[in-house]
Amino acid sequence: MALRGSEEVEEQMEEAEQSEDREMRVSPAEEMPADGPGEEEPEQLLLPWDRFSAWLHCICVVGFDLELGQAVEVIYPHHSKLTEKEKTSICYLSFPDSNSGCLGDTQFCFRFRQAAGRKSSLGCFLDHFDRDAPVCLKKDQGHFYGYVYFRQVRDKSLKRGYFQKSLVLISKLPYVTFFHSLLKLIAPEYFEKQEPCLEAACNDIDRWPTPSPGKILALPIMGVVMKLRIPTCYDKPGTSQLVLSTPSDSLVSIVLPTIHEVDLFRCFYPVFFHIQMLWELVLLGEALVVMAPSPAESSDTVLALVSCVAPLRYCSDFRPYFTIHDSEFKEYTTRTQAPPSVILGVTNPFFAKTLQHWPHIIRIGDMKQTGEMAKQMKVKKLKNLKTLDSKPGVYTAYKPFLNKDEEIIKQLQKGVQQKRPSAAQNAILRRYFLELTQSFIIPLERYVASLMPLQKSICPWKSPPQLKPFVQDEFMKTLEKAGPQLTSRLKGDWIGLYRQFLKSPNFDGWFRNRRKEMTQKLEALHLEALCDEDLQLRIQKHTEVETVDLVLKLKDKLTQAEREQLPVRAGTLAKLQAHIESVILTLPEDLQGILHKPVSP
């Protein structure tokens, strides 16, 4: 869905815009399905393991063998399929690098490409729920997420002297906070009771309701109940609907305030003097590498970077934890071409040398030391980064387009001095990034809305009108009167930032999504216009062949509307079906029998 600012922002935008033009144009950004988000789920269609598959692809146990190295020991459910390449990726990404020294229990996440040609048997079923999810929470089409609970403890009975094992949840869903919370319940039990525990957990998950945005979900697992709400694309950005415990929740053990957000302040603390520059680098899809002491800090920081441009979707590749064994290692570290648009999180010291040619490197220290004041750090030159032991900081030659916002730095520093709770610091920083992104994106939203044809140009008996093309120079002209200066106090080269953004994968992904939404809106309006026509009157002037042609076209329209879930008014599809039936009844019986065949799904 479109990004919307606060009410004050909308008022300022309206003043800058001619009211009559605004009234006549139709923007899908402002519409919500008449029946609201999330229709009733098709419970009767659910087969065994469908509910499990709506949440997870599988659960893996990865162990260490002295002869074989890392190996997938168990996959649950047993019928789950992984290619050999996918298994190899999971093996190497499920263990911290040996230099990380992660004793005890460690949690982190990774992301890897799914094998080419893989098809989901639940594709259409899951699309039903994906439709109402915010862009940043839609299922990942080409990648899997791996959520890891790694345990390393001394064990003299083993040759290696250590017990090393990871429990890994493989999913298409980017619900990082939720899955880490789930692992905290399952993994300790598994390490104690082994496989029967996994079987019980999988059976519990297969009884869960499907992940429907907007609903309060109660999820029983291992004798406790987790309660949460998946956000919807209709939620106001920057707000979260609190999930409260009720008297009937006697069994609820865990209430999750968020399913996906990481602690931004904790992640950015080592480099928080540069947060605005990092926001620009992520917005523009620049090649970034995060060098951290452990996979937990690496993955959290990469996820924080990706989320700092929310509610804009980060459209390039990102790897919260990346190793030298990754199948894309050569592709991403080659010096024969410019580094790709990707954010990598690494812990192996080897990368300090291998990625020395990358333009932007973030060195993260130990995040546990957040009680101390972060020192003012200058941006360091890349040539100064020789080893992973280099001091924390940002190593880059990049010059930000916008002037530095000293206010947010002072506000966060004051919070540290006054020992403000971490949750409050996190909320301040998240609000800052949200307002910055909205100030940037609202002029683009406004211009793209003007590309929508006037509603009066929609004729039921002609094809829907086309969207006007996006013309960069035209958009740039609109910034003089209705640019980000209406909503942001920041000065600087906004024009230069927009020019660079329009070349980025993030703009391409955002515009493709908006164009799809607007095209579907035009199709929906065209369908509604057809439904409002008197078809009986129309077919009186038609030959029999023309009437049959009309029925076939209307059936195609109905199939398209159902397949693409077009945002039509409630009752429109039923009305169109009734129109088709009434037109068919005017035809001879032999044709009626042919045309009454059900519409193909």
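Colleague: Where is Pro77 in this structure?
Modeller: Pro77 sits in the loop between β2 (69-76) and α4 (84-93). Keep in mind that this is a predicted model.

Colleague: What about Gln194, what's up with its phi?
Modeller: Gln194 has a positive phi, near 65°, and is not a glycine. You'll find Gln194 in the loop between α6 and α7, just after α6 ends. Gln194 is partly exposed too, at 34% relative accessible area.

Colleague: Which other residue has a positive phi without being a glycine?
Modeller: Lys419 is one, with phi at about 55°. Lys419 is in the loop between α13 (406-417) and α14, and its 72% relative accessibility makes it exposed.

Colleague: Let's talk about α6 then. Where does α6 kink?
Modeller: At Lys184, by about 30°, shortly before Pro188.

Colleague: And how does its end-to-end span compare with what you'd expect?
Modeller: The two agree. α6 has 18 residues (176-193), and at 1.5 Å a residue it should span 26 Å, while its end C-alpha atoms are 25 Å apart.

Colleague: Which residues of α6 are buried?
Modeller: Quite a list, including Val176, Phe178, Phe179, His180, Leu182, Leu183, Ile186, Tyr190 and Phe191.

Colleague: Where else does Phe178 turn up?
Modeller: In the largest nonpolar core, which has 111 residues. Phe178 is among those with the most contacts inside that core, along with Trp55 and Leu444. Apart from that core there is another one of 21 residues, among them Ala524, Leu530, Ile539 and Leu566.

Colleague: Switching to helix packing. How do α14 and α15 sit against each other?
Modeller: α14 (residues 422-449) and α15 (residues 472-482) pack at about 120°, with axes 10 Å apart. That angle makes them oblique to each other, and their crossing is right-handed.

Colleague: At what angle do α9 and α14 cross?
Modeller: At roughly 50°, and the axes of α9 (residues 275-283) and α14 come within 12 Å. α9 and α14 are therefore oblique as well, in a right-handed crossing.

Colleague: Last topic, the loops. Where's Cys233, and is it buried or exposed?
Modeller: Cys233 is in the loop between β7 (224-229) and β8 (252-255). With 8% relative accessibility, Cys233 counts as buried. Its C-alpha atom is 5.2 Å from that of Ala133, which is 100 residues away along the chain.

Colleague: And Leu56, where is that?
Modeller: Leu56 is in the loop between α3 (50-55) and β1 (58-65). Leu56 is buried, at 2% relative accessible area.

Notes. Residues numbered from 1 in each chain as written. Predicted model: local features only at pLDDT ≥ 70, side-chain atom pairs only at ≥ 80, totals over all residues. Heavy atoms only, no water. Core = buried A, V, L, I, M, F, W, Y, C linked by side-chain atoms within 4.5 Å. Buried < 20%, exposed > 50% of the residue type's maximum accessible area, 1.4 Å probe, protein only. Helix = DSSP H or I, 4+ residues; strand = E, 2+ residues; numbered from the N terminus. Expected span 1.5 Å × (residues − 1). Bend = angle between axes of the 7 residues up to and from the residue. Axes fitted to C-alpha atoms, helices over the stretch in contact; angles between N-to-C directions. Parallel < 35°, antiparallel > 145°, perpendicular 65-115°, else oblique. Left-handed = near helix turned anticlockwise from the far one by under 90°.
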